[in-house]
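Please look over the chain shown below. The briefing that follows goes through it topic by topic.

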Amino acid sequence: MSIADVLEGKDYSFPKEEEKILELWDRLDAFNEQLKRTEGKPEYIFYDGPPFATGLPHYGHILAGTLKDIVTRYASATGHHVTRRFGWDCHGLPVEYEIDKKLNIKSRDDVMKMGIGAYNEECRSIVMRYSKEWEKTVKRLGRWIDFENDYKTLDPSFMESVWWVFSRLFEKGLVYRGFKVMPFSTACSTPLSNFEAGLNYKDVSDPAVMVSFPIVGDADGASLVAWTTTPWTLPSNVALCVHPELIYVKARDNDKKKVYIVAEARLAAVPGAVPKPKKGAKKDDKPEGGFEILAKMPGSELVGLRYTPLFPFFSALAAAEGSSKGAFRVVSDTYVTDDSGTGVVHQAPAFGEDDYRVCLAHGVCEKGDSLPCPVDLNGRFTEEVGQFKGLYVKDADKEIVAVIKEAGRLVEAGSLTHSYPFCWRSDTPLIYRAVPSWFVKVEEIKERLLHNNTLTYWVPAYVKEKRFHNWLENAHDWAVSRSRFWGTPIPIWASEDGEEIVVIGSKEELERRTGEKVTDLHRHFIDHLTIPSSRPGQPPLKRVDDVFDCWFESGSMPYGQLHYPFENKELFENNFPADFVAEGLDQTRGWFYTLMVLSTALFDKPAFKHLVCNGLVLAADGKKMSKRLKNYPDPTEVLDKYGADALRLYLINSPVVRAETLRFKEEGVFAVVKDVFLPWYNAYRFLVQNILRMEGESGAKFVPVPPEQLQPTNVLDRWIGAASRSLIAYVAAEMGAYRLYTVVPYLVKFIDSLTNVYVRYNRKRLKGAKGAEDTSTCLSCLFNVLLDVCKVMAPFTPFLTESMYQNLRTALPAGAPESVHWCDFPATRAAQSGDERIQQSVDRMQRVIELGRTIRERRNKPLKSPLTKLVVVHSDADFLADIQGELREYVESELNVRSLETCADPLQYATLRAQPDWQILGKKLGKSMGAVAAAIKDLTDAQILDFEKSGTLSLAGHTIEAGEIKVLRDFRAPAGMSADDVDANGDGEVLAVLDLRVDDSLLAAGLAREVVNRYQKLRKAAGLVLSDKVDMFYDPAAGTDVAALEAVLAGHAEYLRESLGVNVLPASSRPAGSVVIASEKTTIGGADGAAAYPFTALLATPAAALPAAALLAACGGSEELAGDVAVVVASRDLGKLQAEAAAAGGKVVVRVNGSEVTLRVGSELFFSASASVGGSA
C-alpha cells in the first residue's frame, strides 16, 4: 500500500470523517483489542462515577467523560492495562420522582396500597430509559469505555457488596441510630430530599411572635426574649441560643415593670424600647417612655443561664443547677444573627437542623437518644402535649399564642410574609422534622480522613487543600438511611424492642439465617423474611424499613463494581486505591467525599491516588444551562456540525479544567476547527501531496528515514526535531502530573509552529527545490514529526489522529499497529547538543519576522514589494550568528528583503531612557519619590545598562531594584537616513530595523513576486493539485511594453522557476500538442503610479517540444521533413513517448515517408516547453 491522496481542507468534513473512524473502530474491535494487547501490563485503575440514566447527557457529562477518556487513553499508551467500565446510578429519588409523576402518586399510603413490589418494578422499568442515548453520545465523543460489562447499583452483586460495606462499619462500631432533621411532608407522611423541598416555594403569611423566658435566679427578674415564626414549635422548646460575640443588653420596661435581655442591635424591635414623642409635643420636649439600660454583656456571658420552661411538657429534661448537660439552658452558636428577630433563637431540636446540631454540641440532647418530638407523621400533636393533642401544627399556632399570652409570656404578636416550601406532591406546607435515621460515625474518624486526604494528589491542588479539607474538617456524622422504597435495603434485622440487632453482610448469610432462597435484594424480595431471635420466647427479628442513601451506594462502587469481597479479591486488594478519578467540583461534597469516608472507615486508606476536578459549564450568558430557556446549543448539533474532536479540545483548553467556570460558546468550538485543525490538516495534506509527487517522479515508494537514523543538516530540520523532543518530554511530564490545562496550550502552540514555521518555510524544499536527497530528508522529518504528533495528540483528539495515522502507516514497515490507539506514546528522547539554542534562536527569528511584518503594515509596504535590508539588533552573539547564518534565508524570504545584517550594540539604533514605576516606588519611597524620580530621569546610558545587568541601583540614598524602573528604548535613525528611509520595531529584547528605500531593481523583483502570485492563484482556481504538471505561458495584452515585461521575466527567471517549478514562457512558444486548461487576464504593477503590465496567464498541458534548429539539423536540413516529424510527434501520446524514450536509452525514432529520424531527449526532443529552455525537466 502507498499513501493515498487526501481532500483539500475546504472539502474535508471533520464530523463525517469521524463517522468513518467509528466504523473502523467497530471493524477492528479497537477498544477490546487494545485491552487484549495490554494484558499482563501493570494495572491502571480508574473509577467511573455513576450517572443516572433517567436523563440525557449534557455538557457537564461530556466534559467529565472527555477528561476521563484522555487520562485513561494516555495511561494505556504508556504501558498500562486500563479496564474502563461504565457505571449507572439506578436507585433513589430521581427514579421515584419520575414514577410518582407517571402514576400520580401523592403519598406514602398510595405506594403501600399499590404494593412495594409493583412500585419497585415500575421503577426498575425506567432506570435504563436513556441508556442507549447515553451509549450513542459517549461513543460519538470517541470515549472508549465498556458498556457491555457495565456495573449497575441495582445488580444483586453490587447490592451485596454494599451490604458487606455496611456490615464491616457496624462491626467496627461506626454505626448508630439517631435522628436527622429533614423537610417533611405531613400530607404524604414522608421526609423529602432538599431537592424536592426546593421544587415548590410560595409566599405565605406566618405569625411572628416574641416570647419571654424568665432567667432562674436573676436579681432583676430578667427574661430572655426569643422571636419565632413557628409558634407550633414552642411546646418542644428545650434551649435558647445566643451569638457568643454579639453584645446583648439587659433593659427595664418601667411601664410594665419587666426586664428583658436581647441583642443590642435588636432592642428597637421590642415594643416600647425606643422613646416616642408626646402627642402635640414641642420641638425641645423630651420623648416619653423607652427602656432603661441596666447592663451590657457579650453573648458568651449568658451561656449556662437556666430559664423557666414555657410549657411543662418536657420539664423532666431540665438541667440541674451548675450542670453542662440537660435542657432549658442558654447555649451559643455563630449561626445566630442580629439582622432580624431579637438575637435570641429558641431551640426545638426535633424541628430544626441547626437546632439539632446546636443542642447536640451543647449536651442538651445526646446522639441516639429520643428527642422531644410531639408531632406524628400526619403533622398532628400527640398526647405528649395534652392540651394541643390532635391539632394540626399549622392550625395550632393561634391556640399556642393564646396560651402564651394568658401566661403573661407574650411580648409581641405580629405576622410576616415570606417564601416558604410546599410539598410538590400534595401542595401543602412542609415542616422540618426529626426523622429516625441510621448514621455512620464520621466525626470519630475525622483525623484519619484529614490524614488520608494528604496522601492524595488533586488537580487543581487548591480544591483539595481548601474546599475538600474544610469540608472534611467540619464533617458531621452521615445519615445513610432513607425512608424510601427503590434502593438497596439497609440489612438490619431488629427486634421490636430494639434490644437485638443483626446486620447481614451477604446473601449467603441471609439465606442461612432465614432458611429462604434469595434471588434479589430489593425490598419486595426480602422484607417478609424474618430471623429467629436468639432470646427464647421472643418474636423473630424483622428488617427495618429504610433503604440506603444512594450516595452510600456510589461511595461503595470500588467494591460493588467488582463484587468484592465475594469475587475479584486479589484484583481489588492488589490495586487499591485507584489510580485516578475525575468529576465536577460539586462532587467534593458528594462522590469524592463518600469515597473517602468509606475507604477510610474500611481500610484506613484514600479510595484514589489522583483526582482531576472540573468546573461548571454555563451558558454563554453566564447562566445555568436551561432546556426551558434554550440558552445553549444542543450537544448533538454541535457534534454534527464541528465534530467530537473540536468539542473535546475546546472544553479541555479552557478554565473549566482548573475547576473554574466556562461560558460555553459555539464559536469557540468553531475556532478550534479554524485555528488548530485546519492548519494541522493542511500541513499533513502538504506532506501527502509531496510524497505523491516524489513517488510519481521517482517511481519508487516513499520510505521515511526513522528519527534515530536521520542526520539532518538543515537548520529547520534540526529545529523541528528538537521541538518534537521537547514536546514529547513536556507532555509526558505534564500528563504525569495530570495538568491537562498546561498540555493543550503547548500542543496548540507546537502545531502552530509546525504549520507556520516548518511547513511554510520549507515549502520549496518539500517540493524538491534542493534535490532528491534533501527532499527525502525534509519529507522524513515532517513525516516523523506528524507521526509523533498523532501519537501525542491521540488521547486528546482520537478521531483526527486516527484518520491521519491510517494513511501515514502505509509508509511504515510491515507490522505497524493498525490503530494509533494501539501505539505506545513516543518514548522521551534525550535532548541533543544544541537543542535549546536552536529552539531559542528560531523563536527569536519568528519574533523578528513578526516585528518586520508590523513595520511593513504600518508603513504601507506590502510583502510583495522587496526591500533592501533588515538589521537585527540583539546582544546575544549566538543568536546573531544563527540568524546571520543558517536562519538568514528564511528571514530574507519571509520579509522579502535583499540582505540581512546584525548588530550587537542596541545604542547604535536606539536611545535609552529610564522612567520610575510611580505606583511601585510611590508606595515604597513616599515623600522621597520626587528626588528619586528626578535622579532616575537623569541616568546616563551607561548607568541604565549597568542597572539592567546588576538589577540594583543606589539613588538619592535609596536602593532601587529591578522592576521599579522602566527602561525604554526609543528608535534613532542612523546618520544620513531620514525617518522616511528607515523604521524599527522591538519587543523589549530584539529590535528589527527595516531600510524602506526602494530602487528599480527592487521594483522589478516585486513584479516577479506578483507573477508567481498570479500563476499560483490560477492553478488553485483550475483545481490543480501539487502533482499535476502544467506549462505556464503569458500573452501580453495590446499596448503592453513587451520588452519591459520580458526583461522582468528574464531577469528573475531562476526565481520564477524555483517558485513555480517551470519556466514562464511567451504564448508563442507553446507546442502544437499542448492544450490550454486555464487562462486569466491579469495585470502586474501599477501601484503608486508605477508602470502596469497587463497580460493573459495560460496554464497548458505539457507536450513534446522540438527546438527548431536542433530538429532541422537532425532532419539533414530538410524543412519539409522537420515539419512532418513535428506533426507526427505532436500526434503521439506524451506518456507513451516518454516510455519509448526511456526504453531506448533516451532516444525516439520517428519514421516519415521512408525517412527515419532519431530524436535525442534533451537535444532534439523535450517533454515540455519549459524543459526545452533549460532549468526544469
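Is N453 buried or exposed? N453 counts as buried, because its relative accessibility is 2% and the cut-off for buried is under 20%. The model is a predicted one.

**Around N453**

- N453 belongs to helix α12, which covers residues 446-454.
- Neighbours within four places in sequence are left aside here; beyond them, N453 contacts W458, K464, F468, H469, L472 and M596.

**The three-stranded sheet**

- Three strands form an open sheet in the order β15-β24-β23, and their pairing is parallel.
- The edges are held by β15 (457-459) and β23 (578-584). Each has a single partner strand, so one side of each has no neighbour in the sheet.
- On average, neighbouring strands of this sheet are turned by 15° against each other, with direction ignored.
- β23 and β24 (residues 608-614) run parallel and are joined by six bridges.
- E583 has C613 in β24 as its bridge partner.
- Helix α19, residues 591-603, packs on this sheet and touches β15, β23 and β24. The direction of α19 makes about 150° with that of β23.

**Aromatic pairs**

- The count of aromatic pairs comes to 57.
- The cut-off for stacked is under 30 degrees.
- F580 sits in strand β23, whereas F46 lies in the loop between α2 (30-37) and α3 (59-77). The pair therefore ties together parts that are 534 residues apart in sequence.
- Both partners are buried: F46 has 6% relative accessibility, and F580 has a relative accessible area of 0%.
- F166 and F552 form an edge-to-face pair, with 6.2 Å from centre to centre and 75° between the planes.
- This pair also links distant parts of the chain, 386 residues apart. F166 is in helix α8 (residues 156-171) and F552 is in helix α16 (residues 550-555).
- F166 counts as buried at 0% relative accessibility. F552 counts as buried at 0% as well.
- One aromatic cluster is made up of Y12, F14, F677, W680, Y681 and Y684.

**Cysteines**

- How many disulfides does the count give? The count comes to zero.
- A disulfide needs the sulfur atoms within 2.5 Å.
- C781 counts as buried, with 6% relative accessibility.
- For C790, the closest cysteine sulfur is in C823, at 9.3 Å, so it is too far for a bond.
- C790 counts as buried, at 0% relative accessibility.

**Domains**

- The protein chain is divided into domain 1 (1-40 + 667-824), domain 2 (209-274 + 289-414), domain 3 (844-995), domain 4 (1000-1101) and domain 5 (1108-1174).
- The centres of domain 1 and domain 2, taken over C-alpha atoms, are separated by 75 Å.

Notes:
Residues are numbered from 1 along each chain as its sequence is written. This is a predicted model: local features need pLDDT of at least 70, side-chain atom pairs count only at pLDDT 80 or more; totals for chains, interfaces and linings use all residues. Side-chain values use heavy atoms; hydrogens and water are left out. Helices (H or I, at least four residues) and strands (E, at least two) are DSSP runs, numbered from the N terminus. Buried means under 20% relative accessible area, exposed over 50%, partly exposed in between (1.4 Å probe, protein chains only). Contact means heavy atoms within 4.5 Å. Domain bounds come from an automatic or database domain assignment. Two strands pair if DSSP finds at least two bridges between them. Axes are lines fitted to C-alpha atoms, for helices over the stretch in contact, and angles run from 0 to 180 degrees between N-to-C directions. Rings of Phe, Tyr and Trp (its six-membered ring) pair if their centres lie within 6.5 Å; planes under 30 degrees apart count as stacked, over 60 as edge-to-face and the rest as tilted.
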